Structures are given as C-alpha cells and as structure tokens.
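Please look at the sequence and the structure first.

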Amino acid sequence: MSKTWRPATQLVHGGTTRSHHGETSEAIFLTQGFVYETSEAAEARFKGETDGFIYARYGSPTNDMFEKRMCMLEGAEDARATASGMAAVSAAILCQLKAGDHIVAARALFGSCRWVVETLAPKYGIECTLIDGRDLANWEKAIRPNTKVFFLESPTNPTLEVIDIAGVARLANQIGAKVVVDNVFATPLFQKPLELGAHVVVYSATKHIDGQGRCLGGIVLSDKKWIDENLHDYFRHTGPAMSPFNAWTLLKGIETLPLRVRQQTENAARVADFLAEQPQVARVIYPGRKDHPQADIVAKQMKGGSTLVCFELKGGKEAAFAFQNALEVVRISNNLGDAKSLITHPATTTHKNLTDEARAELGISAGTVRYSAGIEDSDDLIEDFAAALSRIGK
Ligand SMILES: *Cc1c(COP(=O)(O)O)cnc(C)c1O
C-alpha cells in the first residue's frame, strides 16, 4: 500500500486484502469467530505472539479493511470502526476519562454528543463546561487543573460555526489535554484535524462516508499509542463493534466519496449564492462564502466549503414549514451527507430538546433551515428552491 497515493486512489484501493480467490470487490466476512489449526496456535494468538483475528467484537477482516482505508485517508496510525457515530463519540470521550476529570466542549454540538458530555459524563463524576467555542479565550478561561479533554465539532450543526482547531490544540498541548474533533460536517476530504494538532478524530460514517442512506456506522482514529492505552480495552470489553456487513457497505461507499462530496459541495455553494439573493431569506451561512463569520479560519483550515447550507427565512416557522412542504426534489429529513438533497427545520427536529435560550445561543431561530446538498443536477435544485420560495411570498 502506497502512503503517497492521493485520496481518490486510497479510497478505491486502500486497505484491501484479498482471499485466495482474488475477488475484485472486497469480501464480506460475516463471521463471529475464527478457528485455529492447533491449541498451540490458539494460545499464541491470545498471547499476541501471532497476528490474526480472535473474535469479531475485537476486529474482523472486512472491518479491518474499512479501518485501514480510513486511516490512510485521515493520516491516522490506527482506528476502530463502531456501530454508529454516537458509539464512536462516546467511546472516544469515555475511554480516556475517569471520575474527577473535566471536559471542555464547544456548546454547538450534535444533540446526542451534547447529551454525552453534558448529561451522561457528569453521572460518572466527569465534569463538563460548555463554551462558545468560536473564541479561543473561552477555551482558555474554562481550563481547570483536572481538564483532560477538549471536544468540538467544526463546522457545527446546524449553524456552521467554525472553530480554530489549531488554536484549540495549542491550548490543549500546554496542559497535556487531548483534543477530540467530530469531523462529520467537514468530511475527511476537506479538513484534517490530526494535521491541525488534534489528537483524536471521530466520524459518523452514516453521513457522507456511506452517503447513500443505507446504514449506520462510525469510526475513531488516532495515533497507535492513544488507541493502545485508551480505546483498545474499552472497545473490546464494551462492544461497540460495527457489523461486517456495514463495514462492507461503507467500504463500497467511500470509493465514491470524492465524487459525491465534490458534486454536493458545488451544489451547496450554488444554492447558498442563490438563497443569499432572495428577498425571503434573512441570512445565509455557508463556509466558502466571503460573508461567513469565520471566513479567515475556513480559509486556514478547510480545503473546501461544505455540503451543508444554513439559512434563515424571514417568515419564521410558518414560512419555513410552507417552504419545506413546497419542495419537490429536496426531501424533508434530518439525515445529512446523502446523495439525495435533504432539508430540516432544526428548531422542531434535531434541536427540539434544547431550551429556547440554548437555541438562541446557537443562532437557531424559528426560521432557521438546514439544507444538505445531494448530487442532483443543480439546475433542478435551483428551480425547486425558487418555486418553493415563490409559494411563501416576499
Ligand atoms: C450524525 C452525527 C453524529 C451521530 O452519528 P450516528 O451515526 O447517527 O450515531 C455525531 N456527530 C455529528 C456531527 C453528526 O452529524
């Protein structure tokens, strides 16, 4: 395997191992366990003296191909594939913490991620401070003697705030804390948190990596030492392992990741520019537009815009609902990163559990809409948006 391959090549060939049949496409190894030629061979495998798989909860061949391919793309030494994005996030955070430790997290988080750090972790004696992550001074102010983990998402869901990952990593390194980045919204193509100084990267593979709305999946990537010392035992004994069938689906999915993400980003950028000109739209947030509030950081740390667009309709909830209901190509769904264009109203779906105050802090109003661009022809998307906007008047 060549480390110098460019991403599009890695994603088609990286990590592939073939059985004695020499199959073209990666095989699905739907097996729970593995057999040994002799008792001595089993003993040696368990002692770690010989390489090989032991039990599918620990690792298995199809999952291994997916993990290796993702490691190449991310520039990570090691990884563990998990059953869902949330299994990846919770494992990455909990495996390295104990009672008495402290997390600092940017408050603009995917709802379940916020629940893990704000509600679950404190039950086990792990303290958590939520901050506005856009200002580095807030990270510094929140540091305590027991701060062990900084956790963030960038761009954030749904308002696409961007956080200075290199800046957060510099602060973390000063105190020996680890930075965990949920890189879902940026995709592994457009942002490399490990290169920016983060220590651990997590994905919901359910999103762009599958990209075709078929299965759940997640992955935690880091250096070998961190995985060995933190995640290895946690992963084996708490059992968040991905199904080999899903690993296979995701392996096939990432072959086309660069093609899909490029088309989705072009579509998102065109929709963002179109929306910014419409009288019914109060504001558009799109990393990649010059008017994005953190455009300088976007330019510094991202190689591309985003496949998502956040915008606010002047008419509040009534306008947002009427607009979404009038769309014909774009479907109403809370998923994202899919080949199909999807739209959601965060205040009544993904962020309905937050208080009005917390939503306001995140910039989510009754008129806020989140659009996830698909791979359709952008002319059809613009026509769909134009027709739906005309239905809600000016
Ligand atoms: C979807 C998502 C998750 C959770 O992933 P699942 O695969 O649904 O468990 C976590 N973080 C972000 C940013 C997400 O978009």
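Val284 stands opposite Phe311 in strand E9, and Phe311 also stands opposite Val369 in strand E12. This is a predicted model, in which local features need pLDDT of at least 70, side-chain atom pairs count only at pLDDT 80 or more, and totals for chains, interfaces and linings use all residues. Residues are numbered from 1 along each chain as its sequence is written, and side-chain values use heavy atoms, with hydrogens and water left out.

**The sheet**

- Helices (H or I, at least four residues) and strands (E, at least two) are DSSP runs, numbered from the N terminus.
- Five strands form an open sheet with mixed pairing, in the order E8-E9-E12-E11-E10.
- E8 and strand E10 (331-332) stand at the edges with a single partner strand each, so one side of each has no neighbour in the sheet.
- Two strands pair if DSSP finds at least two bridges between them.
- Strand E8 (residues 281-285) runs antiparallel to E9, and four bridges join them; Val281 stands opposite Leu313 in E9.
- On E9 and strand E12 (residues 368-372), the pairing is antiparallel over five bridges.
- Five of the six residues of strand E9 (residues 308-313) are buried, where buried means under 20% relative accessible area, exposed over 50%, and partly exposed in between (1.4 Å probe, protein chains only).

**Thr344**

- Thr344 belongs to strand E11 (residues 342-344).
- Thr344 counts as buried because its relative accessibility is 3%.
- Leaving aside neighbours within four places in sequence, Thr344 is in contact with residues including Gln324, Ser333 and Val369; contact means heavy atoms within 4.5 Å.

**Lys207**

- An unreviewed UniProt entry places the feature "modified residue: N6-(pyridoxal phosphate)lysine" at Lys207; UniProt positions are given in the numbering used here, feature names are shortened, and annotations may be inferred rather than shown by experiment.
- Lys207 lies in the loop between strand E6 (200-204) and strand E7 (218-222).
- With a relative accessibility of 11%, Lys207 counts as buried.
- Apart from neighbours within four places in sequence, the contacts of Lys207 are Phe110, Val184, Asn335, Leu336 and Gly337.

**Phe245**

- Phe245 is found in helix H10 (residues 244-255).
- Phe245 is partly exposed because its relative accessible area is 39%.
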